[in-house]
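This briefing concerns pairing between charged side chains. Please examine the sequence and the model shown below before reading on.

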Amino acid sequence: MSSTFRLYPIPLRARVRLRRERNRRGWPLTTVAEKLGVTPEQISRLETGVRGIDARELSRWANVLDLDIVITEAKVNLTSKKELIA
């Protein structure tokens, strides 16, 4: 199993913030794409949630837009069905 944490889709709140910050700077998709070394289509798919992103990519993107980033992973607790009956 890969140790890379992948967000799919990127949470709506984060996508809106990234797009808002890009627009605030007056940057078209091509500007961010060039800074990240990806295509404008990839940026569009990330902003719309069609494509997921790993933590490293998201960190680079936030850095380009001069944003702080905090990523937390949700906890999942699994309980045996036998424990629920007891």
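Which side chains meet in a salt bridge with an N to O distance of 3.1 Å? They are the side chains of Glu-21 and Arg-25. The model is predicted: local features need pLDDT of at least 70, side-chain atom pairs count only at pLDDT 80 or more, and totals for chains, interfaces and linings use all residues. Residues are numbered from 1 along each chain as its sequence is written, and side-chain values use heavy atoms, with hydrogens and water left out.

**Rule and count**
- A salt bridge is a side-chain nitrogen of Lys or Arg within 4 Å of a carboxyl oxygen of Asp or Glu.
- By this rule, there are five salt bridges.

**Pairs of Glu-21**
- Glu-21 and Arg-24 are three residues apart in helix H1, so about one helical turn separates them; a helix is a DSSP run of H or I with at least four residues, numbered from the N terminus.
- Glu-21 is buried, at 7% relative accessible area, whereas Arg-24 is exposed at 59% and Arg-25 is partly exposed at 30%.
- Buried means under 20% relative accessible area, exposed over 50%, and partly exposed in between (1.4 Å probe, protein chains only).

- Arg-19 forms a salt bridge with Glu-47, their closest N and O atoms lying 3.4 Å apart.
- Because Arg-19 lies in helix H1 (residues 12-24) and Glu-47 in helix H3 (residues 40-48), this pair ties together parts 28 residues apart in sequence.
- Arg-19 is partly exposed at 29%, while Glu-47 is buried at 3%.
- Salt bridges link Arg-19, Arg-22 and Glu-47 in a network.

Methods. Helices (H or I, at least four residues) and strands (E, at least two) are DSSP runs, numbered from the N terminus.
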